[in-house]
Amino acid sequence: MKPKILVVGDLILDHYIWGNCERISPEAPVQVIDVKKESLNLGGACNVASNLVSLDSSVWICGIAGEDEAGSTLKAELEKLGIHTDGIFFENNRPTTQKSRIIAGHQQVVRVDREDKTKITKEGEAFILKFTEALILDSNIACIVLSDYQKGVLSVELTQRLIALAKSKGVKILADPKGRDYTKYKGATLLTPNKKEAAEATSITICDEKSLKEALVCLQDLCDLEISLITLSEDGIAFKDSTTQEIKRIPTIAREVFDVTGAGDTVIASLAYMLALGEPISQSVYFANAAAAVVVSKLGSATASKQEIFAYLKRNNLLDSTLANTEFLKIFDVEQNSFGFSSQISKILKRKTLNFYGDKWIRESDFTPFLESLEQLKQEGFKVIFTNGCFDLLHLGHLDYLHKARKLGDLLIVGLNSDASIKRLKGELRPVNCQRDRIAQLCALECVDFVVVFDTDTPEWLIAKIRPDVLVKGADYANKEVVGAKFSKEVRLIDVIEGKSTTHLIQKIKSL
């Protein structure tokens, strides 16, 4: 069921100018941007609404826009997403807020703002209040989000009246706060300040767990919040629930950060979505963390769909959390034991305890379903790494090499020479450790996700089947042909620890 959510706040149109820079202007020491394209995105409250649509919500938006070209464009862009726009009040003498960003390559060079930050008219405030009240009565709204960018829409009086209205009707109301005086948001369900904002609002320097807890308690008392919450950037989200009185922190789960633009909008939209569905705050925060991780891996104000969030959790082995219970997984329309993968991949992706090392070994009978599952993972964004070797007498050089390889992506598959293959390559006295032992040792390593044995002299056929994103070999392959390179998107050579090799170990043992 789609939750019905209203977003009230500052409507912003984000304008992007994309180009390249190859020279400095002769007129002034500034970059000259060769414009390649321009694009428009929804910002502010509009971005919150867009995030909610991506999460499969029914969304209404309410705010002020100018009777200008930007206002018409903004309305049209919202309607393309299926967002209800009858809550927009158009003013004659007020421009639509627009932020223009110039991007050279992937670097933002400058931003130009067109806006009027003065308080909106009495007519505008009356319209917003009347629209909200009618929507609550007529459409069974489950949650209201106040998206405050201090552009003049959410005055103290209007904010308090909206909160009082929501509470009287049993509707949850969340606010993204701005400024130092948070009494403006008193009575809200929760606020989403970051650490710096929370420190300014509470006059508490947040530097450790103790001061963090003090700030959470202070915020809850100051604003009479149902849930006190602080976003902590790379350190996750901390919160205090007034019902249980527990203070918890959910660690961040972002792996790559390209652009934090709009991440706050994603967090509050995700929390609103989950709370509107009646989900507990712990699961709501875990979901919001994952959504933010998806968004910061993209460039510009972006959104995260439930499919992307689930794929991210799955790709980063985060479905083993106690928070990812059966009820949580129902949000994604999947059952806890229904991932659609081969048994080996399913066990690895949703591991809750240490796996039996044999689970990582892909036997010949399991190879076809393994490849099918691998293809599905690639389509969902998993980066597959492949390397190969004999790995006889496992040593520090091997461990260092495999750890470095695993860091290049999401899954590391090791192709392992069979005993027969090694004998052909290295002579009848090798390997020292038999195939079964070498499989077990590799599978016991956390950095190794899967092991596949090959009996040929080279693993070219295996690489052709797997088609990895990255094929890894040792740095000694510099200026040499790498077998299977044509079947991989990229070849990476990794430095090995000098003096660490199986040959050296064998010679040392013989000399004893």
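1. How many cavities of 30 Å³ or more does a search of the whole structure find? The search finds one, where a cavity is a set of points, on a 1 Å grid over the protein atoms alone, at which a 1.4 Å probe fits but cannot get out.

2. Please keep in mind that this is a predicted model, in which local features need pLDDT of at least 70 and side-chain atom pairs count only at pLDDT 80 or more, while totals for chains, interfaces and linings use all residues. Residues are numbered from 1 along each chain as its sequence is written, and side-chain values use heavy atoms, with hydrogens and water left out.

3. The largest cavity has a volume of about 80 Å³, a volume being the space filled by probe spheres set on the points, which are joined across faces, edges and corners. Its lining (residues with an atom within 4 Å of a point) includes D10, R94, D116 and K151, and divides into five nonpolar, three polar and four charged residues. Strand 4 (residues 58–66) gives the largest share of this lining, three residues.

4. Four strands form an open sheet of mixed pairing in the order 3-2-6-7, where strands are DSSP runs of E of at least two residues, helices are runs of H or I of at least four, and pairing requires at least two bridges.

5. Strand 6 (residues 97–104) runs antiparallel to strand 7 and is joined to strand 7 by seven bridges; A104 has Q107 of strand 7 as its bridge partner.

Technical notes: 1 Å grid on protein atoms, 1.4 Å probe; cavity = no way out; pocket = protein on both sides within 12 Å on 5 of 7 lines; lining within 4 Å. Nonpolar A, V, L, I, M, F, W, Y, C, P; charged D, E, K, R; others polar.
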